[in-house]
Amino acid sequence: MEDFFIGTLGISESLFSFLILPLMIFFARIADVSINTIRIIYVLGGRKATATILGFFESFIWLMAIRQIFEHLDNWICYIAYPAGFASGIFVGMIIEERIAYGKVIVRIITRKEVYHLLAFLSSQQFRYTHVHAEGPDGHENLVFTVLEREHLDDLLLKLKDILPSAFYTVEKVNRAAESGTIVQESTRWSIGSWLKSIKRD
């Protein structure tokens with residue numbers, strides 16, 4: 001790699017050692033740590049094919065980065081670029097995970113007001129729910145449970161704030177959910193696993 005930049009492209013050795021190489025290591029670490037964050041999410045979700053492919057690219061990028069570190073042990077800037085890329089990769093991976101919005105969440109909604117409009121909305125969106133009449137310190141409460149794909153969570157919360165602005169709710173991630181007897185929500189998000197399934201069908 002060094003011969004390519006210095007010999008082929010004509011870049012000076014000092015520019016390569018103190019700028020290009022550290023930047024390459026920095027961005028390589030961002031890439032492999034971000035992939036690792038996403039891979040763990042897919043592992044917990046049981047997406048074997050997707051997690052396996054991500055693991056391959058994660059290991060490959062890490063191997064290339066660590067190779068450059070060992071080939072330039074005398075370059076102190078690389079020792080800064082490596083952990084800086086690792087820390088930045090965690091941040092980038094969390095942002096990507098939020099964008100992907102993979103998996104299911106359970107939403108618990110508690111309110112003293114009538115939940116007719118909320119239940120009508122859940123039914124219109126084909127979200128399975130359970131409505132329970134409960135008792136709290138202040139008397140009668142309505143308790144609504146629903147499990148849905150994370151990508152639909154924002155829509156539900158916006159609607160909830162519109163029709164029941166004073167309702168108390170909690171959101172928790174669900175690693176596994178039995179779909180027997182329920183309406184399965186098809187994810188509109190693209191994933192490697194869905195791409196592989198489409199190839200197999202063809």
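Helices are DSSP runs of H or I, at least four residues long, numbered from the N terminus. In this predicted model, one such run, helix H3, spans residues 48–71. Arg-67 and Glu-71 lie 4 residues apart in helix H3, so about one helical turn separates them. The two form a salt bridge, with the closest N and O atoms 3.1 Å apart. Arg-67 is partly exposed, at 46% relative accessibility. Glu-71 is also partly exposed, with a relative accessible area of 46%.

The count of salt bridges comes to 5. Another of them joins Arg-39 to Glu-58, with a closest N to O distance of 2.7 Å. This pair links distant parts of the chain, 19 residues apart: Arg-39 sits in helix H2 and Glu-58 in helix H3. Arg-39 is partly exposed, at 22% relative accessible area. Glu-58 counts as buried, at 14%.

A further bridge connects Glu-149 with Lys-104, the closest N and O atoms being 3.0 Å apart. Glu-149 belongs to strand S3 (residues 139–149) and Lys-104 to strand S1 (residues 104–111), 45 residues apart. Glu-149 is buried at 11% relative accessible area. Lys-104 is buried at 15%.

Helix packing was examined for H2 (residues 13–44) and H4. Their axes come within 6 Å and cross at roughly 35 degrees. The crossing is right-handed. Residues of this contact divide into 22 nonpolar, 6 polar and 2 charged.

On the surface, Phe-18, Phe-70, Leu-73, Trp-76, Tyr-79 and Ile-80 form a nonpolar patch with about 710 Å² of accessible area together. Helix H4 (residues 76–100) gives the most to this patch, with 3 residues. Ile-80 lies in helix H4 and is partly exposed, at 48% relative accessible area.

Technical notes. Residues numbered from 1 in each chain as written. Predicted model: local features only at pLDDT ≥ 70, side-chain atom pairs only at ≥ 80, totals over all residues. Heavy atoms only, no water. Patch = residues over 30% accessible without salt bridge, like charges linked within 9 Å, V, L, I, M, F, W, Y side chains within 5 Å. Areas by Shrake-Rupley, 256 points an atom, 1.4 Å probe, with all protein chains shown as cover. Salt bridge = Lys/Arg side-chain N within 4 Å of Asp/Glu carboxyl O. Helix = DSSP H or I, 4+ residues; strand = E, 2+ residues; numbered from the N terminus. Buried < 20%, exposed > 50% of the residue type's maximum accessible area, 1.4 Å probe, protein only. Axes fitted to C-alpha atoms, helices over the stretch in contact; angles between N-to-C directions. Left-handed = near helix turned anticlockwise from the far one by under 90°. Nonpolar A, V, L, I, M, F, W, Y, C, P; charged D, E, K, R; others polar.
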